[in-house]
Amino acid sequence: MKIRILIGRIIYNAIGKRMPLSDGKFNLGSKKVRAFCGKLIFNECGKNVNIEKGARFGNNIWLGDNSGIGVNAYISDYVKIGKDVMMGPDCYIYTRNHETGRVDIPMWKQGFTKTEPVEIGDDVWIGSRVTILPGVKIGNGSIIGASSVVTKDVEPYTIVGGNPAKVIRRRK
C-alpha cells in the first residue's frame with residue numbers, strides 16, 4: 001500500500017470518520033477533513049466532494065466533482081462514481097459476492113466470486129438504503145429509489161425502484 005493511502009486511511013479512520021455530519025451546525029470542518037482524506041486514499045477524488053460521517057470504502061475508488069458518499073455508506077473495491085452524484089445514507093455498493101456453487105462444503109468456506117466493478121454515471125441520485133450489486137452500471141441522470149436493490153444495469157435518465165429494482169419511468 002502506498003504511503004499516501006496509508007496516511008489517508010489513518011487520518012480518516014482516527015478522525016474523519018467520526019467527525020460530525022458535514023451539514024451540521026457544529027461540523028468542525030468535517031467536510032474538508034474527509035475530502036482531504038479522500039484525495040489521499042482514492043484513485044481520483046474530484047473538487048467539492050462530500051464524504052459523510054461513518055462512510056467505509058475499499059480500494060480503487062474514483063469520486064467525481066461535486067459528488068457525495070452518504071452517511072454510513074459502504075463502498076466496496078473498484079467503484080467509479082461520476083460527477084454530481086447524490087447518495088443518501090446507508091447505501092451499500094458491492095463488487096463481489098460469496099461463492100455458492102458447491103453443496104459439499106459450507107458456503108463460508110467457498111471464498112468469493114471475482115470482483116466485478118460498479119460504475120455510476122454523472123448526475124445520479126441514489127436514495128437512502130440502496131444496495132447496488134456487483135457489475136452494475138448506472139447511467140447518467142438516473143434516479144434510484146430509496147431501499148432499492150439494483151441487480152441489473154440502469155439505462156441513462158431512468159428512474160428505478162424496488163427489490164429487485166425495476167423501471168418506474170424515464171426522465172426524458
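At 24% relative accessibility, Asp 90 counts as partly exposed. Its salt-bridge partner is Arg 129, with the closest N and O atoms 3.7 Å apart. This is a predicted model, and the structure holds three salt bridges.

**Salt bridges**

- Arg 129 is exposed, at 55% relative accessible area.
- Arg 34 and Glu 52 join their side chains in another salt bridge, at 3.5 Å from N to O.
- That pair links distant parts of the chain, 18 residues apart: Arg 34 belongs to helix α2, while Glu 52 lies in the loop between β2 (50–51) and β3 (56–57).
- Both Arg 34 and Glu 52 are buried.
- Asp 104 and Arg 102 also form a salt bridge, and their closest N and O atoms are 2.6 Å apart.
- Asp 104 is exposed, with a relative accessible area of 55%, whereas Arg 102 is partly exposed at 45%.

**Helices α1 and α2**

- Helix α1 spans residues 3–14, and helix α2 spans residues 30–41.
- Their axes come within 7 Å and cross at roughly 150 degrees.
- Angles over 145 degrees count as roughly antiparallel, so α1 is roughly antiparallel to α2.
- The α1–α2 crossing is left-handed.

**Nonpolar surface patch**

- Ile 3, Leu 6, Ile 7 and Ile 10 make up a nonpolar patch on the surface.
- Together these four residues have about 370 Å² of accessible area.
- Leu 6, found in helix α1, is partly exposed, with a relative accessible area of 38%.

**Backbone features**

- Most residues other than glycine have a negative phi, and most peptide bonds are trans.
- Arg 129 has a positive phi of about 60 degrees, although it is not a glycine. The loop that holds Arg 129 runs between β11 (125–126) and β12 (131–132).
- Ser 147 also has a positive phi, near 65 degrees. Ser 147 is placed in the loop between β14 (143–144) and β15 (149–150).
- Ser 147 is partly exposed, at 46% relative accessibility.
- The peptide bond from Asn 163 to Pro 164 is cis, with omega near -5 degrees. Pro 164 lies in the loop between β16 (158–161) and β17 (166–170).

How values were computed. Residues are numbered from 1 along each chain as its sequence is written. This is a predicted model: local features need pLDDT of at least 70, side-chain atom pairs count only at pLDDT 80 or more; totals for chains, interfaces and linings use all residues. Side-chain values use heavy atoms; hydrogens and water are left out. Patches are made of residues with over 30% relative accessible area and no salt bridge: like charges are joined within 9 Å, nonpolar side chains (Val, Leu, Ile, Met, Phe, Trp, Tyr) within 5 Å. Accessible areas come from the Shrake-Rupley method with a 1.4 Å probe; for residues, only the protein chains shown count as cover. Helices (H or I, at least four residues) and strands (E, at least two) are DSSP runs, numbered from the N terminus. Buried means under 20% relative accessible area, exposed over 50%, partly exposed in between (1.4 Å probe, protein chains only). Axes are lines fitted to C-alpha atoms, for helices over the stretch in contact, and angles run from 0 to 180 degrees between N-to-C directions. Angles under 35 degrees count as roughly parallel, over 145 as roughly antiparallel, 65 to 115 as roughly perpendicular and the rest as oblique. A crossing is left-handed if the near helix is turned anticlockwise from the far one by less than a right angle, and right-handed if clockwise.
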